[in-house]
Amino acid sequence: MAITSERLRQTFSEGGAQEIYQEVRAEGDFLDFARRYAFDSDYRVARSALWGLTKATNEELSALQVIQNELIDLAMQTENSSVRRLTLNIIERLTLEEDNLRTDFLDFCFEHMVSVEEFPGIQTLCMKLAYRMCTFYLELMDELKRTLEAMEIDYYKPAVKCLRKRILSGKFR
């Protein structure tokens, strides 16, 4: 069965996401699929497309490197938490380079990693991405550590607490 917006709109299961991935893999064009569906204004279409893409290997996802900025924009602008989490998951698996560091995205990550209103999956992805961006500059790494130390840790879920502890103890790479 061909992938269509209607089919993506009705994909609600892990198995459905896996089917989407397998079909995109068979076609061999992750970039075209992402351009066509990941940015759809219907969050259900975008969510299912992104969910399918998260099943790809890092090598397969590397085809999306050329649209990294568009993915970053999507993560920062969407109102849908599922779309945000899935997009951040994909961005986290792409290469971040010092020459292309976006300070607006770093600020976004700092804001969302400490926001107690944010979902833990988004908090941890933002923390990982902030860490990776900060590794390019010692002064940014110091700012990250100060921010993590200032967190009122009692308000966070175990996943966030654990990642925070790993970063602060130097056990996260």
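**Helix α8 and its surroundings**

In this predicted model, helix α8 meets helix α9 through F105, L106, F108, C109, F110, H112, M113 and V114 on the α8 side. The partners in α9 are I122, Q123, C126, M127, L129, A130, M133 and C134. By type, the residues of this contact comprise 14 nonpolar, two polar and no charged.

The geometry of this pair can be described next. The axes of α8 and α9 lie 8 Å apart and form an angle of about 140°. The two helices are therefore oblique to each other, since only an angle over 145° would count as roughly antiparallel. Their crossing is left-handed.

Helix α8 covers residues 103-114 and helix α10 covers residues 138-150; their axes are 11 Å apart, at an angle of about 15°. That angle makes α8 roughly parallel to α10, because values under 35° are classed in this way. The crossing of α8 and α10 is right-handed. On the α8 side the contact is made by L106, F110, M113 and V114, and on the α10 side by L140, E143, L144, T147 and L148. These residues divide into seven nonpolar, one polar and one charged.

Beyond its neighbours within four places in sequence, L144 is in contact with F110, M113, A130, Y131, C134 and I167. L144 is also among the residues with the most contacts inside the largest nonpolar core, together with F33, L64, L88 and F105. This core has 58 residues, and its largest share, nine residues, comes from helix α9, which spans residues 120-134. In soluble globular proteins, nonpolar side chains tend to be buried together.

L96 is placed in the loop between α7 (81-92) and α8. With a relative accessibility of 15%, L96 counts as buried, because the cut-off for that class is under 20%. Leaving aside neighbours within four places in sequence, the contacts of L96 are Q68, L129, R132, M133 and F136. From L96 to Y131 there are 35 residues in sequence, while the C-alpha to C-alpha separation in space is 11 Å.

Note on methods: Residues numbered from 1 in each chain as written. Predicted model: local features only at pLDDT ≥ 70, side-chain atom pairs only at ≥ 80, totals over all residues. Heavy atoms only, no water. Axes fitted to C-alpha atoms, helices over the stretch in contact; angles between N-to-C directions. Helix = DSSP H or I, 4+ residues; strand = E, 2+ residues; numbered from the N terminus. Parallel < 35°, antiparallel > 145°, perpendicular 65-115°, else oblique. Left-handed = near helix turned anticlockwise from the far one by under 90°. Contact = heavy atoms within 4.5 Å. Nonpolar A, V, L, I, M, F, W, Y, C, P; charged D, E, K, R; others polar. Core = buried A, V, L, I, M, F, W, Y, C linked by side-chain atoms within 4.5 Å. Buried < 20%, exposed > 50% of the residue type's maximum accessible area, 1.4 Å probe, protein only.
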